[in-house]
Amino acid sequence: MSSRESPIAAQRARNARLTTQAEQIALADRAEHGLPELPVILLPANSRNTTELPEESRDAFLDKLRGTIAEAFLEAVRDNSAPMSAEATQAREDAGWALPASIPAMPDLIGASCGTCRGECCTAGGTHGFLHADSIMRVRAQLTDDGETVTPESLEARYASHLPTRHYRGSCVFHTTAGCNLPRALRSNLCNRYVCGGLAQLTRALVSTAQTSAYVAAADSVHLRRMALVTVMGSRSLALRDG
């Protein structure tokens, strides 16, 4: 990066270079397998190693969770899982974050694409897992509706039971090589709603091209780390080559 080049300009140049490299790999794969032109999407790449979940991280999470649960129990149980406001919903759709009904398999395509990234967005979860009182209130309401007697202690024990033995070093306590170790119903509202910019781009590209397959590449700040052909039938890893 030159002394006059802004960080944003440098990032755009880096993304353009990596996207071009991914497009070249996709072109060769299409020629080999006789595939039509498909979208090529660039995602971030989680490149962390795994480690045993540190005892101090486990304790820090449970300590924070205890306070969050206490806050959620300050009022009577209620279901706060109502839809987002009309403004928030429209903004989400405008950004391409709504999963289109025209592609029923979109959740599977999103999941396979996340698997190529390996959860870079999850690395910000740390020892809180994005769990706030609104998420705990939703979980409490859902479990109550299912006929369970929910106490602060039982909720804490439920979350503690899902803490893994190993996770990605320095990432969310629940972030493992198999994805989030929490069942979806126990995840935070943010985790259940969030779609990164790359996945929003994927959604828009699939809708606009009427395709149900795409090439998804994952890159760190310098290199492509992984790439896959993502389809409704699953994903196929591609070998990388120097760009």
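**View 1. The hairpin formed by strands E6 and E7 in the predicted model.** In this predicted model, strands E6 and E7 form a hairpin in which 4 residues lie between the two strands. Strand E7 covers residues 224-231 and pairs with E6 in the antiparallel sense, over 6 bridges. Within this pairing, Tyr-215 has Leu-229 of E7 as its bridge partner.

**View 2. Strand E6 and the cover on its two faces.** Strand E6, which spans residues 214-219, is mostly covered, and 6 of its 6 residues are buried. In a regular strand, side chains alternate between the two faces of the sheet. In E6, Ala-214, Val-216 and Ala-218 lie on one side, Tyr-215, Ala-217 and Ala-219 lie on the other, and all of these residues are buried, so that both faces of the strand count as covered when buried is taken as under 20% relative accessible area.

**View 3. The pairing of E1 with E6.** Strand E1, made up of residues 40-44, pairs with E6 in the parallel sense, and 5 bridges link the two strands. Pro-44 stands opposite Ala-219 of E6, and Ala-219 is itself one of the buried residues of that strand.

**View 4. The open sheet E1-E6-E7-E8.** The sheet is open and consists of 4 strands in the order E1-E6-E7-E8, with mixed pairing. Its edge strands are E1 and E8, the latter comprising residues 234-237, and each of them pairs on one side only. On average, neighbouring strands of this sheet are turned by 30 degrees against each other, with direction ignored.

**View 5. Helices H1 and H8 against the sheet.** Helix H8, formed by residues 197-209, packs on the sheet and touches E1 and E6, and its direction makes about 165 degrees with that of E1. Helix H1, formed by residues 7-33, lies across E1, E6, E7 and E8 and runs at about 45 degrees to E7.

View 6. The largest nonpolar core has 21 residues, of which Phe-61, Leu-65, Ile-136, Leu-155, Tyr-159 and Phe-174 touch the most other members. Helices H2 (residues 55-72), H5 (residues 133-145) and H6 (residues 152-160) each supply at least two residues of this core, and H2 gives the most, with 5 residues. Apart from this core lies another, of 17 residues, which includes Ile-41, Leu-43, Leu-109 and Val-216.

**View 7. The surroundings of Phe-174.** When residues up to four places away in sequence are not counted, Phe-174 touches Phe-61, Tyr-159, His-162, Leu-163, Pro-164, Gly-179, Cys-180, Asn-181 and Leu-182.

**View 8. The crossing of helices H2 and H6.** The axes of H2 and H6 come within 10 Å and cross at roughly 145 degrees, and H2 passes H6 in a right-handed crossing. On the H2 side, Arg-58, Phe-61, Leu-62, Leu-65, Arg-66 and Ile-69 take part in the meeting of the two helices, and they face Pro-152, Leu-155, Glu-156, Tyr-159 and Ala-160 of H6.

**View 9. The protein chain as a whole, for orientation.** The protein chain contains 8 helices and 8 strands, and 41% of its 243 residues count as buried. Among the contacts with a separation of 6 or more, residues 24 or more positions apart account for 73%. The chain exposes about 13300 Å², of which carbon and sulfur atoms supply 52%.

How values were computed:
Residues are numbered from 1 along each chain as its sequence is written. This is a predicted model: local features need pLDDT of at least 70, side-chain atom pairs count only at pLDDT 80 or more; totals for chains, interfaces and linings use all residues. Side-chain values use heavy atoms; hydrogens and water are left out. Buried means under 20% relative accessible area, exposed over 50%, partly exposed in between (1.4 Å probe, protein chains only). Two strands pair if DSSP finds at least two bridges between them. Contact means heavy atoms within 4.5 Å. Accessible areas come from the Shrake-Rupley method with a 1.4 Å probe; for residues, only the protein chains shown count as cover. Axes are lines fitted to C-alpha atoms, for helices over the stretch in contact, and angles run from 0 to 180 degrees between N-to-C directions. A nonpolar core is a set of buried Ala, Val, Leu, Ile, Met, Phe, Trp, Tyr and Cys residues joined through side-chain atoms within 4.5 Å. A crossing is left-handed if the near helix is turned anticlockwise from the far one by less than a right angle, and right-handed if clockwise.
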